[in-house]
Amino acid sequence: MNAVPIPLAADLEALHIEDDRTGLSKDAIKRAFLDNLFYAQGKFPALATRNDYYMALASLVRDRLLQRWISTAAAYTRDGARTVAYLSAEFLMGPHLGNNLVNLGIYQRVQQAITELGLDFDDLLNREEEPGLGNGGLGRLAACFLDSMATLEIPALGYGIRYEFGIFYQKIVDGQQVEKTDKWLRYGNPWEVMRPEWAVEVRLGGRTERHGDASGRERVRWIPDRVVSGVPYDTPILGYRTNTANTLRLWRAEAPESFDLEVFNRGDYYGAVNRKIVSENITKILYPNDEPLQGKELRLEQQYFFVSCSLQDMLRIMRTQKISLERFHEKFAVQLNDTHPAIAVAELMRLLVDEHDLPWDLAWSITRQTFSYTNHTLMPEALERWPLGLFGRLLPRHLEIILDINARFLAQVRVSFHGDESRAASLSLIDESGERYVRMANLACVGSHSINGVAALHTDLLREEVLGDFHALWPERFSNKTNGVTPRRWLALSNRGLSALISEAIGDGWVRDFDKIRELERFTDDPAFRERWHAIRSDNKRVLSAWLRRKTGVVCDPDSMFDVQVKRIHEYKRQHLNILHVIALYHRLRDDPSFDMAPRTFVFGGKAAPGYRMAKLIIRLVNAVAEVVNRDPAVRDRIRVVFVPNFNVSNGQRIYPAVDLSEQISTAGLEASGTGNMKFAMNGAVTIGTLDGANIEIRDEVGEDNFFLFGLTVREIASLRARGYSPQDVYLNDVRLRAVIDALRSGVFSPSEPDLFAPLVDSLMLHDQYFVMADFAAYADCQQRVDEAFRDRERWTRMSILNTARSGKFSSDRTIVEYARDIWKVESMPIRLLTPAEVKAGFLQ
C-alpha cells in the first residue's frame, strides 16, 4: 500500500484550511460555528439544545485563542522568559465567553453572525456555567490580575485548584440562605485542556528518617502514608487586543491507581475504590467547613497540594528550558496571594534541599528571592494558623523545615532587638501562647523579599499594627499596591451602552489605557452628553428591574434611586447598619406620610459562610424587612427592599451598570481594600462610605463633593474603645435607633418567632464590635444628604460622570505595572503571532 503523502505547509495555506479555525470574518465565524455543532457536538439544528449551541460558539472562540496561546508558549519556551507565578487558592474568573470576545475584538461581529443564524446571542452568553472557584474579592482580584498581565504582555502563570464543586449556589427559602451544590462542570468546560502528561505526585502524612549520604552529610528522607497525583487543567487567558495568551493552570487530585483490582477480587468492593475517593476529596469542594478537625485537615491538604504541584511544575519548566536550578529565582517571581499558599516557602526548601541536594544556605537565598507576599486582611483572627499536631501529622518534613527556619530566624531577631523576648515571641513562626500553632502569615513574611498591602490605609495599618514587628525588622520590604479591577470585564463587557457612549466621545483607547478615561471630564458641562448618559443609565436600570422581577418576584421602580450593597455578608461589612437605616426610614414614612423623599430601591446581595450564624441571620433580617415593607401599601411605592440570591460575577455584571448609590460602609480599619467599590465607581455610581480601605483613595480621586462620607475614623474608633464604648448609651440617646432596636426586639419583622433576631440585638447592645450603633446617626444623616443630591438630576448626573472619569487609578493594569516594576522586576514581552502554517511547518521539519 502506498503511504499517504503529508501535505506541505504551503499546500495547507493554499487550501485555506486554517480559516475556519482562526478567521475573524463574519462568514468564517458562521462556518466555524456550524462545523463545531456538527463535528464537535455531533448535532444538527433539529436536535441541538441551547447548550449545544453554546458549546459550538465557545469552541470557535477557543480555536481563535489557541493560535495566540501556542504562539505565547512557544515564545516563552524559546526565550526562557522571566515569569510571574501567581499562587492563589481562589480564581473567581467569571464567564469566559463574553470576556474573550471583547479581548479578541470580535464581540459585535460574533453577535451579528449568531443573530443572522436565527439564534439569541444573549441567551447563548447566559448559558455558560460560571466557575465558582472563589469566595469573593480575593479570587476576583486574582482573575483581574491575570487579565491585566496578559493585556500588558507580562509572562505569567496562574496556579490554583480545580475544585469539582465551587462556592455553593445560594437559594433563599423562607428568607433564609440555603446552600446547594455548585455543579459548574455538569455540562463540561470547553475552555480547559487537560494535561495528564504533566501530572505530579504529592506526598502526605507519614514520617521522616535521617541518614548520611556518600559525603557524610546528613540527609532526610520523607516516607509518606499516602501519595496523590496532581493533574493540571489549563485555560488560556487572553489579553485585550494583544497576541499574548497566558495560562491559568488548575490542579485536580487523583489517586495514582484509581481502582485496586486485587482488593476488588477479594470481595472488598468499597475498598477497591476507597483510595480514589479519598484522593479526589482534596479538590472536591472550595473551602470545606473547617470547624471540625477533619475540615481543618482538608483545608491544609488543599493548600499544600496545589502549592506542591505548582512548584514541581515550575521545576519541570526549568528543565524543559534548560535553566539551572540555582537560577530558580531569576526564572520565576512567585506571588503569594494571601496566606493560603504560604506553605510554598517550606515546600520549595524541601524540594531544593531534600530532592535536589542544594546546601541549606543557598536554598534559603533562592527561596527568599523567589517569593513575595500580599496580605489581604487586618483582622488577626483571619491570619491563618494551624495546630502544631495537625500540621506535623500531615506534613512532618515541612514542620521540621519550619522549625529549622524559625530557629535561625529567631537568632537573628534576638541580635537585632538585643534579646527582646517579647519581640521574639511576636515574630516567631510558632505561636507558643497556649496550644502551639504554626503562623502562616509569619512564615510568608520571613520567606519573602517583599510584603505588600492592598490600599494605602491597609498598608499603613500593617506597618503600624498587624505586622508592626516585621516592619521594625525589615522596613524596606514593605510597600503598598492598591488593588484594581479590569475595565474590560467591568465596563467594556458589562456596560455595553455606556462603553459605546464613552468611546464615541473620547475614542476606544481607554479600554487598554484606562488613564484616558479622564478625558470624559470635559463632557460634564455638556447638557446633551449628560442627557445621553442619564438615558443609558436609565435603560440599564430598566433591564435590571426586569431581571430582578424574574429572579425575586419584587417589582422595582426603575425611576427610583437604586441603593445597592452587594458583597460577601460579614458583620464588619455592616449590611445590618444598612437594613437598620431602612427600618428607620420605614418608621419615618409610616409616622409622617407627608415626608418628602425620592423613591428608593434597596438592593442587597451576597453569600454568608455556611458556619457563620450571625451573617446568615443578617440575610434573614433583610428578607424579613423586605417582606413587611414590600407588602405595606403605605410605603411600597416609595421604598422597596430586594435580596438578590446567589450573587456572583455574572450577577455583578448585571447589577453594577444600574446602580445609583454604592454602599461601602465597613467599619473603618477593617476592610483591606475592597474592589466592588471600584466597579461601582467605574460604572458611574456615587459612593456612600467610611474612610476605610480603598474608599479613601476613591474619595481622593473623584473629589469630596462626589462622595458621601460618614462615620468614625480608625483613630476615633481606637479612642472610643479606650474610653469605654457603651452601645447602650447610644441606644438611649438616639430616638430613631431606639425605635429600630425595639421593633426587632418585639418581633415586628418576625411575628411568628418574636425572639428570632434576639442574638443580633444582643450583639449590638452588649458588644457592638463593629460600631454599628456608634455610626448609625451619622449614616442616617448622610443618607438625607444623598436624597437631596439625587433629586437634583443634573447634579447627580455630573457626579456620576465624574466618578467614571476619575476612576482611572483603579484599573488593575495600574496595579500590575507597579507589581512588575517594584516587586517582580519583570518586563513586557510582545508576542509575534505564529501563522497556522508556521505551527504546522514545525511538525513537518
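Predicted model: local features only at pLDDT ≥ 70, side-chain atom pairs only at ≥ 80, totals over all residues.
Me: Which helix supplies the largest share of the lining of the second largest pocket?
Reply: The second largest pocket holds about 520 Å³ of space, and among its 23 lining residues those closest to the centre are A73, T77, W198, T247 and R249. At least two lining residues each come from helix 4 (50–79), strand 2 (156–161), strand 10 (245–254) and helix 11 (293–320). The largest share, seven residues, is supplied by helix 4.

Me: Is T72 buried or exposed?
Reply: T72 has its place in helix 4, and T72 touches N243, T244, A245, N246 and I831 when residues up to four places away in sequence are not counted. A residue counts as buried when its relative accessible area is under 20%. Because the relative accessible area of T72 is 1%, T72 is buried.

Me: How many Å apart in space are T72 and E153, C-alpha to C-alpha?
Reply: Along the sequence, T72 and E153 are separated by 81 residues. In space, taken from C-alpha to C-alpha, the distance between T72 and E153 is 9.6 Å.

Me: Which residue with a positive phi follows helix 5?
Reply: Helix 5 (residues 97–104) is mostly covered, with eight of its eight residues buried, and these are L97, G98, N99, N100, L101, V102, N103 and L104. After helix 5 comes a residue whose phi is positive, near 80°, and that residue is G105.

Me: Is helix 24 roughly parallel or roughly perpendicular to helix 31?
Reply: Helix 24 (residues 575–591) and helix 31 (residues 735–746) pack with their axes 9 Å apart, at an angle of about 100°. Angles from 65 to 115 degrees count as roughly perpendicular. The relation of helix 24 to helix 31 is therefore roughly perpendicular.

Me: How many residues of the contact of helix 24 with helix 31 are nonpolar?
Reply: On the side of helix 24 the contact is made by L580, I583, A584 and H587, while helix 31 brings A739, V740, A743 and L744. In this contact one residue is polar and no residue is charged, and the number of nonpolar residues is seven.

Me: How many residues of the contact of helix 23 with helix 34 are charged?
Reply: The axes of helix 23 (residues 527–552) and helix 34 (residues 793–805) come within 10 Å and cross at roughly 85°. From helix 23, F529, R530, E531, W533, H534 and R537 meet R793, E794, T797, R798, S800, I801 and T804 of helix 34. The residues of this contact divide into three nonpolar and four polar, and the charged residues number six.

Me: What is the relative accessible area of N483?
Reply: N483 lies in the loop between strand 17 and helix 21, and T486 has its place in the loop between strand 17 (478–480) and helix 21 (487–493). Leaving out residues up to four places away in sequence, N483 touches L141, F145, V454, S673, T675, M678, F810, R814 and T815, whereas T486 touches R140, C144, D147 and S812. T486 is buried at 1%, and N483 is buried with a relative accessible area of 5%.

Key:
Residues numbered from 1 in each chain as written. Heavy atoms only, no water. 1 Å grid on protein atoms, 1.4 Å probe; cavity = no way out; pocket = protein on both sides within 12 Å on 5 of 7 lines; lining within 4 Å. Points joined across faces, edges and corners; volume = space filled by probe spheres on them. Helix = DSSP H or I, 4+ residues; strand = E, 2+ residues; numbered from the N terminus. Buried < 20%, exposed > 50% of the residue type's maximum accessible area, 1.4 Å probe, protein only. Contact = heavy atoms within 4.5 Å. Axes fitted to C-alpha atoms, helices over the stretch in contact; angles between N-to-C directions. Parallel < 35°, antiparallel > 145°, perpendicular 65-115°, else oblique. Nonpolar A, V, L, I, M, F, W, Y, C, P; charged D, E, K, R; others polar.
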